[in-house]
Amino acid sequence: MSSIQKAYNSWASQYDTNENKTRDLEGTALQTILSTIDFKQVLEIGCGTGKNSLWLSEKADHVTAVDFSEEMLAKAKEKVTSDKVNFVQADIIKGWSFESGMYDLVTFSLVLEHIENLEHIFRQAADMLVSGGYVYIGELHPFKQYTGSKARFDTEDGLQVLECYTHHTSDFIQAAKQHGFVVSDLNEFFDDNDRTQIPRILTIVLQKV
């Protein structure tokens, strides 16, 4: 079991109840960005405890919700009982064998900071998408990472900080270009919408051409 998988298994019991500005603002960002896009078949990567799964299922015909952590998935299954959502445990750094057909939207929520090789991810996503399909990325903003911010939570043994990789905005876009994507939208979200501060969330929408 990888360190990331272990960490999220440990975090699962308190993930929904802890104060977590990044979790909450990314959820707001996803709904804001995707409310203007039509989609029916969704592949949700990094569904966690299902914080976005229910909203996606209300807009889509079907959601395949994928996560590495069985404990996070257990929480998601308690929360989301819609028969439009299929939960799958999988490691996305390996080959993607969890798909159920082609999708018109793939979402990544606070997951790519834990992935070193973005090109593999975009290659797999491109294979899963119909022509004209979208990729939504919602990540802790690189500016936050530059200041040392990482995914972290308190445990009985002290603060646990997760392994993270810093991806610059251009890293996402250049890796995506290699696999037939163009940038459809790019946005930044700020705590309390205060644009004088460092943005917390970066969102990028890609379209497969």
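Start at the centre: select I45, W96 and F108, the residues that touch the most other members of the largest nonpolar core, a set of 30 residues. Colour the contributing elements next: β1, β4, α5, β5, α7 and β9 each give two or more residues to this core. Helix α5 supplies the largest share, six residues. Keep in mind that this is a predicted model.

**Stop 1: W96**

Show the side chain of W96 and its surroundings. Leaving aside residues up to four places away in sequence, W96 touches L43, I45, F108, H120, I121, Q124, A125 and M128. Now move to the other core.

**Stop 2: helix α5**

Select residues 118-128, which make up helix α5. How many of its 11 residues are buried? Eight are, and the helix is mostly covered. To highlight them, pick L118, H120, I121, F122, Q124, A125, A126 and M128. What do these buried residues pack against? Their partners are strands β1, β4 (103-109), β5 (129-140), β8 (181-189) and β9 (201-208), together with helix α7 (169-177).

Now go to the N-terminal end of α5. N117 caps it, with a side-chain oxygen 3.1 Å from the backbone nitrogen of E119.

**Stop 3: the salt bridges**

Searching the whole structure gives three salt bridges. Take them in turn.

Begin with E26 and K51. Their closest N and O atoms are 2.3 Å apart. This pair links distant parts of the chain: E26 sits in helix α2 (residues 21-34), while K51 lies in the loop between β1 (41-45) and α3 (53-59), 25 residues apart. Is E26 buried or exposed? E26 counts as buried because its relative accessibility is 0%. K51 has a relative accessible area of 24%, so K51 is partly exposed.

Next, select R23 and D24. Their side chains meet in a salt bridge with an N to O distance of 2.8 Å. R23 is buried, at 8% relative accessibility. D24 is partly exposed, with 44% relative accessible area.

Finish with R200 and D191. Here the side chains meet at 2.6 Å, N to O. R200 has a relative accessible area of 11% and is therefore buried. D191 is partly exposed, at 22%.

**Stop 4: a surface patch**

Switch to a surface view and select F143, Y146 and I198. What do these three form? They make a nonpolar patch on the surface, and their accessible area together is about 290 Å². Y146 belongs to helix α6 (residues 142-146). Y146 counts as partly exposed because its relative accessibility is 47%.

**Last stop: the whole model**

Zoom out and colour by secondary structure. The protein has seven helices and nine strands. Of its 209 residues, 53% are buried. The accessible surface is about 9,700 Å², and carbon and sulfur atoms account for 45% of it.

Technical notes: Residues are numbered from 1 along each chain as its sequence is written. This is a predicted model: local features need pLDDT of at least 70, side-chain atom pairs count only at pLDDT 80 or more; totals for chains, interfaces and linings use all residues. Side-chain values use heavy atoms; hydrogens and water are left out. A salt bridge is a side-chain nitrogen of Lys or Arg within 4 Å of a carboxyl oxygen of Asp or Glu. Buried means under 20% relative accessible area, exposed over 50%, partly exposed in between (1.4 Å probe, protein chains only). Helices (H or I, at least four residues) and strands (E, at least two) are DSSP runs, numbered from the N terminus. Patches are made of residues with over 30% relative accessible area and no salt bridge: like charges are joined within 9 Å, nonpolar side chains (Val, Leu, Ile, Met, Phe, Trp, Tyr) within 5 Å. Accessible areas come from the Shrake-Rupley method with a 1.4 Å probe; for residues, only the protein chains shown count as cover. Contact means heavy atoms within 4.5 Å. A polar contact is a pair of N or O atoms within 3.5 Å; within protein, one must be able to donate a hydrogen and the other to accept it, and residues adjacent in sequence count only if both atoms are side-chain atoms. A nonpolar core is a set of buried Ala, Val, Leu, Ile, Met, Phe, Trp, Tyr and Cys residues joined through side-chain atoms within 4.5 Å.
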